[in-house]
Amino acid sequence: MDASYSLSRRRFLTATSSLSVLAAAGAVLPGGIGRALAADGTKEILTGSHWGAFYAKVENGRFASLRPWEKDYHPNKALDGVQDVVYSSSRIRYPMVRRAYLEKGPGAERDSRGGGDFVRVSWDKALDLVAAELKRLQEQEGPWSVYAGSYGWRSSGEIGNPQIMLTRLMNLNGGAVYSSSNYSKAALEGIMPYVVGSIDAAGPQTTYQSVVENTKLIVFWGSDPFKTNQIAFALPDHEEYKWFEDMKKAGIKAIFIDPINLEACKYLGAEWLAVRPGSDVALALGICHVLLTEKLYDAEFIENCTYGFDKFADYLLGKGWDKVEKTPEWAAGLSEIPADIIRRLAHQFVENRTMLVSGWSCQRQHHGEQWPWAFVTLASMVGQVGLPGGGFCQNYHLYSQGSPSSAAPALAPGMSGGTRKEKKPWPAEKGAKVIPVARIVDMLEGPGKPYEHNGSKHLYPDVKLTYWVGGNPFHHHQDRNRMRKAWRKFETVIVQDFQWTASARFADIVLPAATTAERDDIEMIGTISKRAYVAMKKVIEPVFEAKSDYEIFSLLAARLGVAQEFTEGKSELDMVRDVYATAKKTADAKKSVALPSFEEFWEKGIIEFEIPEKNRRWVKYADFREDPVMNMLPTGTGKIEIYSKPIEKMGYDDCPPHASWLEPAEWLGGKDKAHPLHLNSNHPTHRMHSQLNGTKVREIYEVAGREPCMINSKDAEARGIKSGDVVRVFNGRGQCLAGAVVSDDIRPGVVQLQEGAWYDPADIADANTLCKHGDANVLTPDIGTSRLAQATSAHTCLVEVEKYTGPLPAVTVFDTPANA
């Protein structure tokens with residue numbers, strides 16, 4: 001098993017050196033040719049994906065192979081899967097309908113979903129069925145009966161965003177129930193607007209150059225930049241890996257606080273503090289206690305730039321709501337980081353120019369809102385917020401957000417979701433128009449039941465149909481067995497995708513969509529850097545009977561009588577032109593860059609932009625620190641709110657008005673002795689969530705044909721487990737098989753099973769059936785973080801592991817269903 005792709009083994013392509021000799025600020029650099037025709041009739045087309053920009057080789061109309069763009073800092077090992085997905089056995093080839101649904105209508109034999117009994121139908125038949133159901137429910141019920149819950153990472157490109165297309169179609173057809181926020185950082189998004197007035201983790205962060213030139217100590221807390229920066233919504237250039245090389249050369253001291261000894265930690269020769277999962281808030285509070293009691297904290301910054309510190313200080317000293325002093329010894333008992341190290345960390349943070357870096361894993365836990373609040377509070381006490389190379393960052397682990405930006409305009413989506421055109425009044429008793437994305441099963445189990453979210457009270461709507469596109473709910477939602485049961489509530493499930501994911505297998509109507517390689521689009525290289533625009537030209541025509549998402553929705557719009565409103569008479573290439581024209585108009589008005597005509601851009605295939613020198617040393621919150629009165633934050637007080645009066649008024653016992661330690665529902669410090677191991681369901685190393693799982697990329701990491709499960713050598717020895725064994729991972733919610741990887745890079749008491757493995761139930765008739773492949777979410781709990789954010793608590797999970805000795809069931813989730 002190749003468990004990692006170490007930076008020391010990566011190759012920097014020589015073309016990257018050209019970046020140091022670019023022309024004057026704002027100049028457009030010459031691009032390569034988008035299509036190069038060879039003498040033998042083959043051609044290469046520059047395009048891209050979530051894994052990076054690449055050249056697609058086409059032979060006789062077939063997407064034969066690919067190679068990375070020559071200026072990618074760290075080409076992704078999973079990139080070959082972008083080609084393989086087009087022809088893999090898991091490709092959805094034709095429109096399909098579940099047999100019972102086709103023969104008996106909506107709601108028929110819902111228990112048989114997932115059984116693979118589909119019937120191939122024509123496109124006309126499939127689209128007629130979808131349109132008829134949407135019309136029926138709008139007329140007989142109302143928009144509250146349709147859940148357009150599509151959520152996920154979709155494909156790359158500004159045009160081919162099927163989730164926006166679905167929203168637009170639903171709005172034109174009378175409206176639907178939608179979802180808010182995401183599974184990635186909903187707790188952070190819920191709490192940060194009260195603390196700093198914005199999500200904070202979105203958009204540019206203090207640049208890498210500022211860190212390299214000024215930082216003496218960098219602390220990565222629950223953050224894995226090597227792994228998660230391999231992917232991006234735009235086309236990644238993987239500049240974060242260059243940053244790590246520069247940090248290593250600069251000799252910056254690094255500390256990683258994580259249950260796993262990460263590859264990034266080893267590359268930097270960093271100190272590894274193997275914190276007990278779920279105790280990060282307690283550890284942060286223990287450090288804050290030292291800063292307070294030893295008078296190490298920056299009193300001037302606290303006075304000028306924060307609000308409510310006195311109440312938080314009382315809480316640290318045991319004068320708050322729980323009457324417990326947050327001493328280093330108290331924190332050590334919970335975190336298993338010794339008290340003397342906690343004291344040492346406090347001193348290190350203030351004695352050096354320190355950058356505190358948080359990932360998002362710590363907030364995907366029960367009471368997850370408390371972590372980002374505690375993290376920002378700690379950084380405020382250290383007092384280096386807004387200083388070059390100091391302060392905090394909650395997103396260096398995705399999109400290379402420390403990259404400096406070019407002067408090019410960001411590309412905007414080619415289509416908007418529009419506004420609701422409800423054909424019926426939406427009475428309050430029919431429930432909410434928008435629900436928190438992680439609460440879909442609660443909605444299905446309790447139509448009409450009340451729930452609280454972000455200070456308001458709502459009712460769950462009574463939905464009858466869901467249309468899912470550009471996502472995979474049978475991957476990203478927790479407690480799979482509970483979800484499977486709740487899924488029966490839907491009378492009709494429509495899934496539009498290009499692979500037979502578990503979500504497609506549990507659908508009634510399946511529509512085969514085109515992949516990114518089978519349509520025209522446009523995208524940036526670098527979400528933040530805007531390093532280049534790429535003409536994502538169609539590599540090949542859609543295979544089998546697949547159609548682009550835009551074509552599918554256009555055909556549906558025609559059946560619903562809203563074709564002109566949906567398309568505005570535009571083709572997909574017309575929309576690509578519009579996106580480029582908007583960017584060009586902005587650039588011309590601001591005189592930021594000189595963009596060529598669309599025809600020239602489309603012919604070249606790429607336009608590269610230089611990075612202005614002034615952008616290389618940008619520091620987040622510098623203006624606020626310099627003058628907190630003239631540059632007030634958009635909070636109620638204009639300051640960093642260590643204590644929040646709006647949250648105090650909500651009166652939530654699961655989200656107090658300042659950062660607090662609240663014991664998780666289950667964790668290693670709790671009472672569950674039957675399941676003595678914490679499950680770390682990490683992001684995959686060689687996938688993007690569940691994307692590319694149905695391709696040959698699995699060959700890189702599979703163990704015994706299953707998802708790998710990392711276990712500490714002591715825990716493995718106690719259970720008679722060796723590397724390569726098939727193990728059963730289980731708790732009271734579910735069970736799955738996995739392939740054991742015994743390692744001391746994981747702390748005792750923790751096992752790691754990466755999320756995103758396709759769900760492969762052994763017996764759909766069994767309420768607690770075994771997942772043969774290794775879906776971590778058969779194990780994770782489906783509970784909200786708190787009433788504030790109602791986010792996922794996926795990382796609050798205990799399990800047991802045993803060597804599997806029974807007959808090994810074959811993994812079948814990657815096989816094409818019968819008749820398909």
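## The largest pocket

What volume does the largest pocket have? The answer is about 880 Å³. This is a predicted model: local features need pLDDT of at least 70, side-chain atom pairs count only at pLDDT 80 or more, and totals for chains, interfaces and linings use all residues. Residues are numbered from 1 along each chain as its sequence is written, and side-chain values use heavy atoms, with hydrogens and water left out.

A pocket is an open set of points on a 1 Å grid where a 1.4 Å probe fits, with protein on both sides within 12 Å along at least five of seven lines; lining residues have an atom within 4 Å of a point. Helix H4 (162-172) supplies the largest share, 4 residues. (Helices, H or I, are DSSP runs of at least four residues; strands, E, of at least two.)

## Salt bridges

The whole structure holds 59 salt bridges. Each is a side-chain nitrogen of Lys or Arg within 4 Å of a carboxyl oxygen of Asp or Glu.

Arginine 488 pairs with aspartate 111, with their closest N and O atoms 3.0 Å apart. Both lie in loops, so the pair ties together parts that are 377 residues apart in sequence. Glutamate 600 pairs with lysine 604 at 3.4 Å. These two sit 4 residues apart in helix H23, about one helical turn.

Aspartate 322 bridges to lysine 326 at 3.1 Å. Lysine 326 is buried, at 0% relative accessibility. (Buried means under 20% relative accessible area, exposed over 50%, partly exposed in between, with a 1.4 Å probe and protein chains only.)

Terms used
Points joined across faces, edges and corners; volume = space filled by probe spheres on them.
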